[in-house]
Amino acid sequence: MNTLPPMNSNDNAGAATTLPTGPDWNWCNRFQALGAEYHTELHPQPMPAPHWIARSTSCAELLGLPADWQTNPRWNALAVFSGNALWPGMQPLASVYSGHQFGVWAGQLGDGRAHWLGEIDTPNGPMELQLKGAGTTPYSRTGDGRAVLRSSIREFLCSEAMHGLGIPTTRALCITGSSLPVRRESMETAAVVTRVAPSFIRFGHFEHFTQNDQPDALKRLADFVIEHHYPECRNTPQPYVAMLGTVARRTAELLAQWQAVGFCHGVMNTDNMSILGLTLDYGPFGFLDGYNPAHICNHTDHKGRYAFGRQPSVAFWNLHALAQSLMPLIGNGNAALDAIELYKPFYADAMRSQLRNKCGFTTTQPGDAGLIDWLLKQMAYERTDHTILFRRLSQFSTADGADNACVMGLFKDRKFSDLWATAYGDRLKAEGSVDAQRAAAMNRVNPSVVLRNHLAEGAIRQAQAGDFSEVQRLLKVLQHPYDEVHDASADAGFPPEWAQHIEVSCSS
Ligand code: AMP
Ligand code: MG
């Protein structure tokens with residue numbers, strides 16, 4: 001035999017070349033300037049014959065890109081966002097971090113398939129750009145540095161869906177694809193998602209420098225985060241304690257928002273926790289169909305560490321790991337613990353307020369917690385559809401003798417629905433709630449459409465067959481999740497029977 005076997009997808013010949021011109025952006029690249037301890041500078045690796053899969057106009061607007069950004073031949077955005085070329089000003093790198101995975105110290109991880117491209121000034125503040133899936137880095141370990149089309153569509157759609165829901169998240173500008181084969185459970189093809197965020201710094205970045213006994217690097221990282229992201233902490237008596245408390249508050253608010261829309265992250269390892277309180281690293285996530293606190297969206301999470309109902313306490317565990325990593329700077333363990341203890345009341349308050357809004361209450365009354373808890377318990381018992389129940393709840397009428405079957409008919413237990421409807425109606429009347437006003441307010445917090453697994457799956461299957469129109473269509477719907485979409489429609493309706501059998505694993 002005198003021919004070589006086919007090239008492995010990580011043995012990528014060549015590296016991205018720099019184009020003569022790109023958008024008129026002011027590159028500030030502050031994370032790159034932080035120093036060599038934090039990253040390795042390297043180019044993304046090209047994908048053969050890339051093509052567009054989807055683009056988010058809303059994210060392009062965030063970056064101040066003109067409408068023709070993807071077609072301007074001088075910029076060749078397709079080459080840039082597939083890892084085949086760079087724009088002048090980009091200083092690509094992969095960052096190093098560590099982390100706890102499933103509660104166990106995992107040691108060094110890092111951007112194994114992410115290339116940070118640079119940071120630009122935008123009308124919305126500085127934003128960093130990152131490619132996910134553009135080849136191996138020094139932190140790839142045994143991975144191939146690639147991402148598959150399936151998982152890239154999920155990350156792209158969910159990033160923009162979360163933004164549409166008003167939940168802090170990294171954004172996604174576009175997906176590009178290629179016929180480059182990538183081996184997962186079966187052979188798939190490669191794709192690259194361009195992510196956008198003010199910072200991709202994770203709890204695991206801090207853990208890395210503490211575990212490696214690099215207190216100076218740890219301090220410079222914390223000072224960097226305070227200077228650029230939490231300047232309000234700078235002039236406090238204990239800036240690192242203040243930063244920790246701010247992260248605890250942001251994380252609490254994030255978790256309350258996740259729980260309120262039924263979002264299950266799936267892999268809440270400390271390396272997937274954003275220091276800015278953004279939803280970060282979309283892998284085996286899922287939105288609840290039937291309400292179930294024990295729901296595990298990650299097929300490989302056998303013990304249910306990251307089950308839906310456990311997410312708030314896992315976030316606290318992760319904050320504890322962050323606090324531990326800041327001990328060389330804070331010194332006083334009690335001060336660090338006090339800072340993260342704030343998470344608990346912050347979360348409780350944020351969740352109470354989410355639930356109050358979801359139920360359409362404008363005041364707080366003594367029986368509210370019991371009334372809501374009663375509802376949630378019955379929902380859990382009957383696995384009532386979380387999104388549809390809360391969306392339909394806005395149609396509840398307080399008129400005497402009103403027929404509220406449209407919402408209460410979602411329960412099989414007639415006795416429960418009669419009793420709860422009476423109690424809810426009385427509660428609404430006690431604050432003089434006006435049906436039409438309440439309905440409008442509730443429809444601004446209870447989405448009609450979330451990215452259920454089967455919706456993503458439909459878009460993925462079509463895309464795998466070469467038709468990307470469903471990705472783009474679904475994106476448009478998900479960007480406006482509070483608009484009225486009738487729940488008899490496929491986007492807002494009950495999941496089909498086959499949705500129960502979709503298994504989502506860490507493989508991406
Ligand atoms: P995740 O579970 O996706 O958050 O990834 C955990 C770690 O594995 C991170 O350091 C990732 O960069 C790395 N990783 C995941 N998938 C790959 C891959 N295909 N190639 C290289 N590194 C990967
Ligand atoms: Mg990750």
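Helices (H or I, at least four residues) and strands (E, at least two) are DSSP runs, numbered from the N terminus. The model is predicted, and local features need pLDDT of at least 70, side-chain atom pairs count only at pLDDT 80 or more, and totals for chains, interfaces and linings use all residues. Residues are numbered from 1 along each chain as its sequence is written, chains are lettered from A and ligands numbered from 1 in the order in which they are written, and side-chain values use heavy atoms, with hydrogens and water left out.

By these criteria the protein contains 17 helices and 14 strands. Along the principal axes, the C-alpha atoms fill a box of roughly 80 × 55 × 45 Å.

Of the 508 residues, 58% are buried. The term buried means under 20% relative accessible area, exposed means over 50%, and partly exposed lies in between (1.4 Å probe, protein chains only). The protein exposes about 20500 Å², and carbon and sulfur atoms supply 53% of this area. Accessible areas come from the Shrake-Rupley method with a 1.4 Å probe; for residues, only the protein chains shown count as cover. Among contacts (heavy atoms within 4.5 Å) between residues at least 6 apart in sequence, 73% join residues at least 24 apart.

The charged side chains comprise 41 positive and 49 negative ones, and the centres of the two sets lie 2 Å apart. Lys and Arg count as positive and Asp and Glu as negative, while His and the chain ends are not counted. The place of a charge is taken as NZ of Lys, CZ of Arg, CG of Asp or CD of Glu.

Helix α5 spans residues 203–211 and is largely enclosed by the rest of the structure, because 7 of its 9 residues are buried. The buried residues of α5 are F203, G204, H205, F206, E207, H208 and F209. Just after α5, D213 takes a positive phi of about 55°, in a residue other than glycine. D213 is located in the loop between α5 and α6 (215–228) and is exposed, with a relative accessible area of 64%.

A positive phi near 55° is also found at R383, again a residue other than glycine. R383 belongs to the loop between α11 and α12 (386–393). Its relative accessibility of 46% makes R383 partly exposed.

With a relative accessible area of 9%, I372 is buried. Neighbours within four places in sequence aside, I372 is in contact with L355, C359 and F361. I372 and W420 are separated by 48 residues in sequence and by 9.6 Å in space, C-alpha to C-alpha.

Helix α10 (residues 343–359) includes Y347, which is buried at 15% relative accessibility. Apart from neighbours within four places in sequence, Y347 is in contact with A252, L255, A256, Q259 and P312. The C-alpha atoms of Y347 and A256 are 6.2 Å apart, although the two residues are 91 residues apart in sequence.

Two buried loop residues were also examined. T137 is placed in the loop between β9 (127–132) and β10 (147–148) and counts as buried at 9% relative accessibility. Not counting residues up to four places away in sequence, T137 touches L42, A94, D111, G112, R113, A114 and H115. N269 is in the loop between β13 (263–264) and β14 (286–287) and is buried, with a relative accessible area of 2%. Its contacts, leaving aside neighbours within four places in sequence, are with H100, Q101, F102, Y306 and N318.

The magnesium ion (ligand 2) is coordinated by N272 (OD1) and D281 (OD), at 2.0 to 2.1 Å. Both N272 and D281 are buried. Donors are N, O and S atoms within 2.8 Å of the metal (3.2 Å for Na, K and Ca); water is not among the atoms, so sites may look incomplete.
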